[in-house]
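Q: I would like to go through this structure step by step. Could we begin with the metal sites and then turn to the rest of the fold?

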Amino acid sequence: MLTVNAYAATSATEPLSPITIERRDVGPHDVLIEIKYSGICHSDINHARSQGRPATYPTVPGHEIAGIVTVVGSAVTKFTAGDRVGVGCMVNSCRECASCRDGKEQYCLNWHTTTYGAIDKDGTQTQGGYSTHIVVNDDFVVHIPEGISLEAAAPLLCAGITTYAPLRRFGAGPGKKIAVVGLGGLGHLAVKLAHAMGAEVTVLSQSLKKIDDGLRLGADQYHATSDPATFVQLAGTFDLIINTVSAGLPVDAYLNLLAVNGTLVNVGISGEPLSFNPFSLLLRGRTVAGSLFGGIRETQEMLDFCGEHGIGAEVDVIPAEQINKAFERVLSSDVRYRFVIDAATLAG
Ligand code: ZN
Ligand code: ZN
């Protein structure tokens, strides 16, 4: 066992605080990673505060992990010490079900093992990336290409793949009109990725506050959803709308922005039911869809794509002691566009 420094939530209401946790010995198929950076995802906050399913405390969040391999198990062939690697939202799956065999481990029919807050195959609770080291099965580790800095790569492991997967699945590319709802951690990467895929990209944001950023990141158009004229002007326009906003969405208003056969895909997480008029779908052949991050193969494909196109997240690197403040700022959408923890500051 390896004792490592981390930041943990000790209850649903206490601020996160320094802690030490145990990492398992490196097994034949394991990789020990020295974590360099760990992104702060909105899901981390929900988990730390037991919003959604109850967490078991203490719990260490973090599923946007970028670091360097320091030790590899005896049976590991894909990685060697010194490799730049990433770990995202899952660290295991059953490997046997139809989804796993199809490379879609995120949809494992026996449930994938989340990077934190799950019981791993060895019976221990998984602890995430707000720590200095992590031991992960090599099948759930991906290479980070040279050309993306590790801090800019970290958020790609959740926010990047979460937006890349539906863009690919629904055919983003030249001649396609894509709208991205919300210019936050997910949205800003959706804009960069869709632009790099050759699609025409429109940001639909509450206000025009971030318009300069949006256009700089690759958007062709930027509209405020607080302006009713937006919904008139853009009616019937988009082949795909990616909704990154977790708060309740007036679905009919957005469906009306879709072209014939267009798709509204939800990647933001909200427990609230969606409600819409079925005629909004039927009369234009539209689809409402959902998407959960991506499989390991596709995550590697996404990173390679980002390497080729020079895409990384826009990050605000913070020391560990600012994690609690960062949580508050994420909740008030006061971040451009992802906080990333400098893991060196966890060393204590
Ligand atoms: Zn996430
Ligand atoms: Zn499976």
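This is a predicted model: local features need pLDDT of at least 70, side-chain atom pairs count only at pLDDT 80 or more; totals for chains, interfaces and linings use all residues.

Q: Are C97 and C100 buried or exposed?

A: C97 and C100 are both buried.

Q: Now the other ion. Which protein donors does the zinc ion (ligand 1) have?

A: Its protein donors are C41 (SG), H63 (NE2) and C158 (SG), at 2.0 to 2.2 Å from the zinc ion (ligand 1). Along the sequence, these donor residues show the spacing C-x21-H-x94-C.

Q: Where do C41 and H63 sit?

A: C41 belongs to the loop between β3 (30-39) and α1 (42-48), while H63 belongs to the loop between α1 and β4 (65-72). The two are 22 residues apart, and the pair links distant parts of the chain. Both C41 and H63 are buried.

Q: Changing topic: how do helices α4 and α10 cross?

A: The axes of α4 (residues 159-169) and α10 (residues 296-309) come within 10 Å of each other and cross at roughly 95°. The two helices are therefore roughly perpendicular.

Q: Which residues make that contact?

A: From α4 the contact uses G160, I161, Y164, A165 and R168, and from α10 it uses E298, T299, E301, M302 and F305.

Q: What about D120, buried or exposed?

A: D120 counts as buried because its relative accessibility is 10%. D120 lies in the loop between β7 (113-114) and β8 (133-137).

Q: Which residues is D120 in contact with, leaving aside neighbours within four places in sequence?

A: With those neighbours left aside, D120 is in contact with R24, N92, T113 and T126.

Q: Last one: where is E328?

A: E328 is part of helix α11 (residues 323-331). Its relative accessibility is 45%, so E328 counts as partly exposed. The C-alpha atoms of E328 and I45 are 9.2 Å apart, although the two residues are separated by 283 residues along the chain.

Key
Residues are numbered from 1 along each chain as its sequence is written. Chains are lettered from A and ligands numbered from 1 in the order in which they are written. Side-chain values use heavy atoms; hydrogens and water are left out. Donors are N, O and S atoms within 2.8 Å of the metal (3.2 Å for Na, K and Ca); water is not among the atoms, so sites may look incomplete. Helices (H or I, at least four residues) and strands (E, at least two) are DSSP runs, numbered from the N terminus. Buried means under 20% relative accessible area, exposed over 50%, partly exposed in between (1.4 Å probe, protein chains only). Axes are lines fitted to C-alpha atoms, for helices over the stretch in contact, and angles run from 0 to 180 degrees between N-to-C directions. Angles under 35 degrees count as roughly parallel, over 145 as roughly antiparallel, 65 to 115 as roughly perpendicular and the rest as oblique. Contact means heavy atoms within 4.5 Å.
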